[in-house]
Amino acid sequence: MKIEIKEVKTKKELRDFVKFNLSLYKRSPYHVPNLTDEEMMTLSKDKNPAFETCEAVYFLAYKNEKIAGRIAGIIVHESNRIWKQKHARFGFVDFIDDDEVVDALFDAVTAWAKEKGMTALHGPMGFTDLDHEGMLVEGFDLLGTMATIYNYPYYPKQLERIGFEKDQDWREYKIYIPDSVPEKHLRIGNIVREKYGLKVMKFQKRKEIWPYANKIFMTLNEAYGHLYGFSPLTEKQIEYYVNMYIPMLRLDLITIVVRESDDAVAGFGITLPNLSNAMRKAKGSFLPFGFIYLLKALYSKPKVVDLYLIGVLPEYRNKGVNALIFNDLIPQYIRLGTVYAESNPELVTNSAVQAQWDYFKREHHKTRRSYIKQI
């Protein structure tokens with residue numbers, strides 16, 4: 001049966017593109033759906049400020065007149081400039097286990113990338129480091145998280161069949177919450193605070209965090225700058241993410257470390273109750289009832305928390321600022337009865353983030369991968 005590839009042009013086609021993921025994983029007990037409207041915003045060229053420095057194309061594959069796959073081609077020009085490369089990304093990729101469908105999707109995005117002068121295709125990745133990235137290659141029988149991609153086991157097999165090779169790996173850990181803050185953490189935290197003139201900030205009201213919102217993302221730009229595929233967020237992107245994420249944060253699970261001399265954010269830890277089951281109940285929709293499931297989970301006493309974003313300025317890297325962050329967060333988790341934290345993806349090459357778990361019981365339970373192919 002001939003496979004038809006269609007470039008997404010209309011809003012209806014874009015919604016079909018987004019909702020294919022929901023239908024493909026409808027019966028999976030491990031998949032965590034994204035919110036349809038949020039993903040529509042991410043992919044909309046008139047709403048996502050990433051398109052100031054990026055370009056993208058979206059393709060749908062049809063078999064027997066039914067959608068059988070989707071893929072996005074993305075070029076992040078700033079990332080290519082920083083890393084001195086000509087790479088296109090593929091992302092938002094889903095497909096049935098059908099060689100012809102996979103071939104047609106990747107042929108289409110490869111042809112587009114070549115037309116744009118690119119020399120390699122890698123992914124799955126998004127427009128920024130805050131989009132989902134990395135194809136699951138271990139942990140297919142475990143529930144995903146809101147911050148990660150879930151995919152069937154046949155996905156990596158199909159990519160390897162068409163010539164893609166491993167580029168980078170991320171690991172995910174269960175990090176078990178100790179009964180108390182490790183003594184060494186307490187000692188390091190006290191030394192670091194006094195030596196560098198730092199203080200830990202906590203917030204009782206949402207309006208108190210707003211003066212630090214932009215500073216958090218400026219610190220993120222510096223903290224993540226050396227990581228695979230990263231390019232700094234622009235001012236408009238920071239504003240976009242601030243307005244998207246700050247209203248949904250849970251204040252007692254956020255810790256910010258600031259430098260007393262100038263109130264700069266030296267480090268931050270943004271964690272959330274695990275929302276996976278709530279997102280599954282919402283089935284991709286905030287309305288009419290999705291928001292109820294999400295709010296209930298957000299303000300619960302969670303058995304599992306997600307370590308959503310953690311960052312430290314490069315000048316304080318490997319100097320113990322992470323100890324200050326977790327010296328504050330661990331008592332919060334203990335108070336709530338939390339059993340473990342999901343680390344979410346950590347690059348295997350990022351030794352600094354790996355080292356911060358040395359004093360905790362941890363379990364490596366998932367691995368995800370970025371693939372690459374010269375074109």
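Rings of Phe, Tyr and Trp (its six-membered ring) form a pair if their centres lie within 6.5 Å; planes under 30 degrees apart count as stacked, over 60 as edge-to-face and the rest as tilted. In this structure, such ring pairs link Tyr25, Tyr30, Phe95, Tyr150, Tyr152, Tyr154 and Tyr155 into a cluster. The model is a predicted one, in which local features need pLDDT of at least 70 and side-chain atom pairs count only at pLDDT 80 or more, while totals for chains, interfaces and linings use all residues. Residues are numbered from 1 along each chain as its sequence is written, and side-chain values use heavy atoms, with hydrogens and water left out.

A search of the whole structure finds 27 aromatic pairs. One of them joins phenylalanine 17 and tyrosine 58, whose ring centres are 5.4 Å apart and whose planes stand at 40°, so the pair is tilted. Phenylalanine 17 belongs to helix α1 (residues 11–24) and tyrosine 58 to strand β2 (residues 54–63), so that the pair links distant parts of the chain, 41 residues apart. Helices (H or I, at least four residues) and strands (E, at least two) are DSSP runs, numbered from the N terminus. Phenylalanine 17 has a relative accessibility of 0% and therefore counts as buried; the term means under 20% relative accessible area, whereas exposed means over 50% and partly exposed lies in between (1.4 Å probe, protein chains only). Tyrosine 58 is also buried, because its relative accessible area is 5%.

A further tilted aromatic pair is formed by phenylalanine 92 and phenylalanine 127, with 6.4 Å from centre to centre and 45° between the planes. Because phenylalanine 92 lies in strand β4 (residues 87–95) and phenylalanine 127 in the loop between β5 (120–123) and β6 (135–138), this pair ties together parts that are 35 residues apart in sequence. Both phenylalanine 92 and phenylalanine 127 are buried.

The loop between β5 and β6 also holds threonine 128, which counts as buried at 7% relative accessibility. Leaving aside neighbours within four places in sequence, threonine 128 is in contact (heavy atoms within 4.5 Å) with Arg89, Leu233, Gln237 and Tyr241. The C-alpha atoms of threonine 128 and cysteine 54 are separated by 9.7 Å, although these residues are 74 residues apart along the chain.

Rings may also meet charged groups. A charge sits over a ring if NZ of Lys or CZ of Arg is within 6 Å of the ring centre and within 35 degrees of the ring normal. The charged end of lysine 174 sits over the ring of tyrosine 340, 4.8 Å from its centre, and that of lysine 361 over the ring of tyrosine 176, 4.7 Å from its centre.

The next topic is helix packing. Two packed helices are described by the angle between their axes and the distance between the axes. The axes of helix α6 (residues 183–196) and helix α11 (residues 321–336) come within 8 Å and cross at roughly 120°. Axes are lines fitted to C-alpha atoms, for helices over the stretch in contact, and angles run from 0 to 180 degrees between N-to-C directions. The helices α6 and α11 are therefore oblique to each other; angles under 35 degrees count as roughly parallel, over 145 as roughly antiparallel, 65 to 115 as roughly perpendicular and the rest as oblique.

Isoleucine 188 has its place in helix α6 and counts as partly exposed at 26% relative accessibility. Apart from neighbours within four places in sequence, isoleucine 188 is in contact with Gly320 and Ala323.
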